[in-house]
Amino acid sequence: MSSAAAPPLTLVCPECRRENEPERIYCHDCGARLDRSAVVARAEKTAESPDQTHQRLMGMFNQRQAKIRLWLVRALKLVLGAGIAATLMQMLLAPEVPAPGEGKTLSKMISMDLEMMAQNRRPAVLHYSEEEVNAFLTSSLRNKKANLNHYFLDFDRAVVGFNPGTCKVSVARQISGYPLYTTTVYSGQKVDGKFQVTPISGSVGRLPLHPALLKYTGFLSKDVLASFERERRLLDRVGEVEFLDKGVAFAASH
């Protein structure tokens with residue numbers, strides 16, 4: 001609680017006892033010189049000490065610093081919120097893949113062709129375009145969708161794309177009606193007679209992922225790849241697998 005206000009100061013004339021205002025030097029009535037020692041004493045009493053002045057100034061600066069900190073925190077939250085929103089938007093945007101049902105390519109019996117090549121080394125070379133491989137995937141996965149649903153992630157479709165030396169696999173799953181695409185880019189090679197693929201890059205939607213993070217998103221496409229285990233074993237029995245521009249080629253073993 002604050003202390004009570006000091007009573008107003010008056011200067012009593014030593015000659016006529018007239019009360020004068022504290023600003024006067026001489027008495028208003030008789031003109032005698034007034035004793036101003038009481039005014040000086042009160043001024044010294046009420047004056048700020050150096051420590052008090054320092055504390056008052058520090059308080060002013062601290063308030064300014066607090067306002068600056070508050071502004072910086074608000075600005076940081078705004079930037080962070082905008083970054084999170086932009087990241088989520090990139091994750092929800094679909095990558096450049098063919099629209100569902102695009103193209104009228106009939107599904108080829110790729111599994112049967114690979115089986116014939118593995119057994120009889122005939123034909124010597126098989127070549128399939130992206131459209132043909134995607135038609136095969138759509139046909140093969142049509143009856144496997146129920147086994148590829150996980151909790152709130154419902155399997156939608158899988159799409160492949162080929163570039164020289166790499167194969168891109170995009171898997172779409174539905175989350176409350178919204179498609180979420182995870183894409184992994186693989187390189188492929190024969191190692192000790194077995195065909196192996198190695199993930200080299202990937203993305204969620206259109207948000208690129210560092211290769212080190214692919215192990216945390218691999219579960220979204222691992223089951224789809226596992227459903228083609230028979231075809232993977234057939235690839236072990238053929239001679240070469242080559243990823244081309246917009247296609248893939250298989251060569252019989254010699």
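This is a short talk about a few spots in one protein structure.

Okay, hi everyone. Before we start, keep in mind that what you see is a predicted model.

Let's begin with Arg 173. Where does it sit? You'll find Arg 173 in strand S5, which covers residues 166-175. And is Arg 173 buried or exposed? With a relative accessible area of 2%, Arg 173 counts as buried, because the cut-off for buried is under 20%. What does its side chain pair up with? There's a polar contact of 2.8 Å between the side chains of Arg 173 and Asp 223. If you click around Arg 173, leaving out residues up to four places away in sequence, you'll see that it touches a whole list of others, including Leu 148, His 150, Phe 155, Tyr 178, Leu 220 and Val 224. Asp 223 is on that list too.

Next, helix H7, residues 229-237. Which of its residues are buried? They are Glu 231, Leu 234, Leu 235 and Asp 236. As for what covers them, the elements include helices H3 and H4, plus strands S6, S7, S9 and S10.

Now for the loops. Most residues other than glycine have a negative phi. With that in mind, look at Ser 176, in the loop between S5 and S6. Its phi is positive, near 55°, and Ser 176 is not a glycine. Ser 176 is also exposed, at 72% relative accessible area. Then there's Asp 192, in the loop between S6 and S7. Asp 192 has a positive phi as well, about 55°, and again we're not talking about a glycine. Why does Asp 192 count as exposed? Because its relative accessibility is 79%, and exposed means over 50%.

Last stop, the largest pocket. How much space does it hold? About 880 Å³. The lining is made of 35 residues, and the ones nearest the centre are Val 169, Val 197, Leu 225, Phe 228 and Leu 235. Which helix gives the most to the lining? That's H6, residues 219-226, with five residues. And what kinds of residues are in the lining? They divide into 25 nonpolar, five polar and five charged.

Methods: Residues are numbered from 1 along each chain as its sequence is written. This is a predicted model: local features need pLDDT of at least 70, side-chain atom pairs count only at pLDDT 80 or more; totals for chains, interfaces and linings use all residues. Side-chain values use heavy atoms; hydrogens and water are left out. Helices (H or I, at least four residues) and strands (E, at least two) are DSSP runs, numbered from the N terminus. Buried means under 20% relative accessible area, exposed over 50%, partly exposed in between (1.4 Å probe, protein chains only). A polar contact is a pair of N or O atoms within 3.5 Å; within protein, one must be able to donate a hydrogen and the other to accept it, and residues adjacent in sequence count only if both atoms are side-chain atoms. Contact means heavy atoms within 4.5 Å. On a 1 Å grid over the protein atoms alone, a cavity is a set of points where a 1.4 Å probe fits but cannot get out, and a pocket is an open set with protein on both sides within 12 Å along at least five of seven lines; lining residues have an atom within 4 Å of a point. Grid points are joined across faces, edges and corners, and a volume is the space filled by probe spheres set on the points. Ala, Val, Leu, Ile, Met, Phe, Trp, Tyr, Cys and Pro count as nonpolar, Asp, Glu, Lys and Arg as charged, and the others, Gly among them, as polar.
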